[in-house]
Amino acid sequence: MKNLQKLAAVLMAVMVVLCGALLLTHEVSAASEGKISGTVKYEGTPPHMRGIDMSKDPYCAKANASTSPHMENVVVGSGGGLENVVLYISEGLSGAALSQPATNVPVFDQKNCEYTPHVLAMDVGQTFKVTTSDQTAHNIHPNPNPMTGNIPWNQSQPPGAPPVEKSWKAPEMIEVKCNIHPWMHGWFAVVKGPYATTDANGNYTISNVPPGNYTVTAWQETLGTQTAKVTVSGAAPAKADFTFKGK
Amino acid sequence: MHDTAHAHVGQHAAPTSFIRKHVFSLDHKVIGKQYYGLALAAVLIGMFLSWLMRLHLGWTNLAIPGLHLLTKNGAPGDVMTPEFYLQLMTMHATIMVFFVLTTAPFAAFGNYFLPIQVGAEDMPFPHFNMMSFWVTFVAFLVLMSSFFVSDGPTLGGWTQYAPLSAVGQVGGPGEGAGVVLWALSIAIFCVGQLLGSLNFITTTLDMRTRGMSLWRLPLSAWGWFITSVMGLTAFAVLMPACILLILDHVAGTSFFVPANTVINDQMQPHSGGSTLLWQHLFWFFGHPEVYIAIVPGMGIVSHVLITNMRKPMLSHRVLVYAMGALAVLSYMVYGHHMFVSGMNPVSSLVFSFPTLVITIPSTIVVLIWMGSLYGAKLRINSASLFALGFISMFIAGGVSGFFLAQPSIDIMLHATYFVVGHFHLVMGVAAMFGIFAGTYFWFPKMYGRMMNETLGKIHFWCSFVGAYAIFMPFHYLGLAGNVRRYQAFAPEYMQHLIPLHKFITIAALFTGAAQLIFVYNLFVSRYKGEPARDNPWQGTSLEWSTPTTPPPHNNFGDKLPVVYHDPFQYGVESSTGDYVMQTSPEKAGPDDEA
Amino acid sequence: MAKFFAITIFVIAIVSAIPILRHTWWMAEDISTHGAPIDEQMSETMAEAGISFLASQFILGYFIWKFSNPKPGDKIKTFPGGAKAMVWAAFLLVGTEVLALGVFGVKAWANVYFTPPAANAVPVEVQAGQFAFYFRYPGPDGSFGPIHPDMINEANQNFYGLDTDHDADSKDDVVTAEMAVPVNREIHLIMHSKDVGHSFFVPELRVQQDFVPGMDLSVHFTATKIGRYEIVCTQLCGLGHYNMKAYLSVLSLEDFDAWMKKEKAMQ
């Protein structure tokens, strides 16, 4: 009888601690209202992006008959804005912002035999979806470094197949390819904490950043990384602009 | 003299416990039935896989309800992925070639009837024999287990061409653990067949009873003996090849992968291997394997035909010599699988010649069968129907060999459905017909009950017409240039052939369903069939003179039989009717040596 | 039952032969200079195999018809010639048949494999990889730049691993996804695989040759008819095998030059 009481007491204590922890985390996320925004620009003449000949698969060739597809390794907008740059907080994050992956499900679509978007950023542990809009089968073959703890996979998606849902265990910039269409090439940018990807004009906004001092890193697949220090204080978004110089 | 000499060899007391009687039995008859059961389970799985493939080929993005249960990633939304198709294809071929066509006609019937037909109590090495089955069983489990590992089974095809089979995971789904399990399974399988072959050879050479000279062996026994000699040499080559392949995966060796291999933009850590080496090793086994599948069938069919024609073959010896010639030549022709593989073009011509020559012994076998049919008193029953169907299929599949033996034509037909049609008819369907003929013929001896004849005939008609409906169009597809091992028709590719594929799919579903009649017949007849007499077909060979049906533990009771005749004393006048059994001292006719 | 069986065999044999005789599904039209002997060899073999097939099925059916359901008094008979006749028949009929096919076949084969490419043959390189073919033309200097396997990067469209910054020979190499050749010119096709085994098959060209990793092989041919043909892979190379294709455009000389110019601009 005495034992049972003891057990009940311990259980109560555990419950109290758990509720407290939940409340605390809740408080932190409620506070993560801050934002970091800015623009990423490219300076200089953009490198030549070779055209892609998709004739090997008539479906792809037909889907792109009116456009001329080309590589997307460096995509510069009309105002010099650099697209597909991933921005994330590389230093200064702690606690809950790190431990709770985002709950939205980013989508990586295979459309007209290209990846949309070309770079898909996501949080560690965040579930993402690979979908196909094409009437030809693709295989999705991401190539992580096995030393990071991310496990490589390779699976096909025939036309009409439901989305493939996956997540990654460790932060890493992972190249993804379709071997059936060797020109298809994209990235899974897996980072810890809040992130953003630049749009066609090079603009971005990282949301849900709790107030504090941070280092923001901008990563571009061929141009490398740049960092900037920012302070997020509350109401107004902190600013961080980047400029990548061409060769 | 013989009977006393080997009375101790292979002799073991009748088992008493259930496990020693039915599971770990030393009795060749039980082992034969175990092999048959394994082959039956395997063939049903293999056929089921082929149904899935055919459905996919006819209606590519069709969702097959429940398909996702068979695979982790291979069927999102029940639609088959390209890799899953190839995995099914590889498993279908491996299961059929190794666990059906090698085990059923050779290991199953051979185990049961070879010792009885030579007049022995058992095989000389019963423990090896038991091991042979259980090792094969383990091999089967290992192969099936690859369905349950990470990416599923290997997709490399039953030929497992290197370097795709040797580079590991990066080569595609199933190319990691799947290949290793495949190679392991086949290496284990080889051990089982080597043990079996050893037993068969020794049984034939050393265990014959008094009066049973080699030439008095029935043709089925000759078939198994010749096959076991091929098995001993062919599997002995495949086993090391599989071990080297495993080493390429687990030990970092490069037997089959050359330097500078770049897969998915990654340099592979290999150098110095040869991809053609695998092909030579594989086909050095692979071509004899075709004859391992078909020669026992030839023996069984000859045996069934003689009994049902009520007359001997035109020449017993010529048939034996022809089967022997097939066995010898089968080692010299393997290069015809590699005409366009990049080996020296002179080798192609060198390999072409024996490949063309091998049609001569094959023709002799067929002509002897047909010439023997002349003037026969042919009985039509399920067994003889399948035996005659075997001949028809063997001809149909054999004539396409003319094409594939010639390197210049092979440029057009290599790796097309023509090849698929060829080997399915000649080693798939024909060998299966041999198995069916043997089953309808020997079932009464094995289980003491007759099989249902009506069901047997329905089974035959569906199978015979169905097999032609499936495999003849394969030749047309091949002539039109349809490449094999394609999971679907890529946009614009060979669209006009899709209706023909749909026709084949429907024929395959129908013919496959007809096989369930056979399975039903087997099980119902096993328990409810009409009781069989000792010699229901009025046969002459030793299995029909056992004291009981099925035969007792030591086959012939206390006394081994004494043989007085050749096994083909039919169409004679004797006290029993138109035949004289091998054990009967009665003189059969002027030619009889008794 | 036996008669029904015989009739079934007759019907199956005839029905099987009809699509062959009518060429319902038949080989694609030959557009090569070396294909004629191959096609001839094919027709001869088809005739001989077809006759063997029909004759043996008919005889089989006939014997089944004739010699089944014996009456009680019937005696067995032996084929007049006995086994000897059969062995002779096999050796004479099939022996001469295969000998003839073998000997004539050597000619067709030698045409393809034992004649070296002409000195002025147009060199084209083809690289097979999972799951696409890429072609390379040497450009004005007539020589191919060296391949650096470690530099192969499909993301940068450097399918061949060319180092155009350092290798002079590579600078003018033209890498394409589609193969174009001038009509009536001999082509010397140099083949190599960057990963696993593949095969190069153009039915219309009567060319099929495997790629062997670690070995450089070559074939040569002349296309005689302008058009667009499919190049397919026939050696199982992985999950995308079924879709490993490229197109071969046989063009007039002017069109070929224009095509080359266009491709060069795309580099």
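**Cysteines**

I found A:Cys60 and A:Cys113 joined in a disulfide, with 2.0 Å between the sulfur atoms (the cut-off is a pair of cysteine sulfurs within 2.5 Å). This is a predicted model, so I kept local features to pLDDT of at least 70 and side-chain atom pairs to pLDDT 80 or more, while totals for chains, interfaces and linings use all residues. Residues are numbered from 1 along each chain as its sequence is written, chains are lettered from A and ligands numbered from 1 in the order written, and side-chain values use heavy atoms, without hydrogens and water.

The S-S torsion of A:Cys60 and A:Cys113 is about -70 degrees, so I noted the disulfide as left-handed. Both A:Cys60 and A:Cys113 are buried (under 20% relative accessible area, with exposed over 50% and partly exposed in between; 1.4 Å probe, protein chains only).

**Chain C against chain B**

I get 99 residues of chain C in contact with 102 of chain B (heavy atoms within 4.5 Å). How many salt bridges are there between chain C and chain B? I find one, joining the side chains of C:Lys75 and B:Glu573 at 3.8 Å, N to O (the rule wants a side-chain nitrogen of Lys or Arg within 4 Å of a carboxyl oxygen of Asp or Glu).
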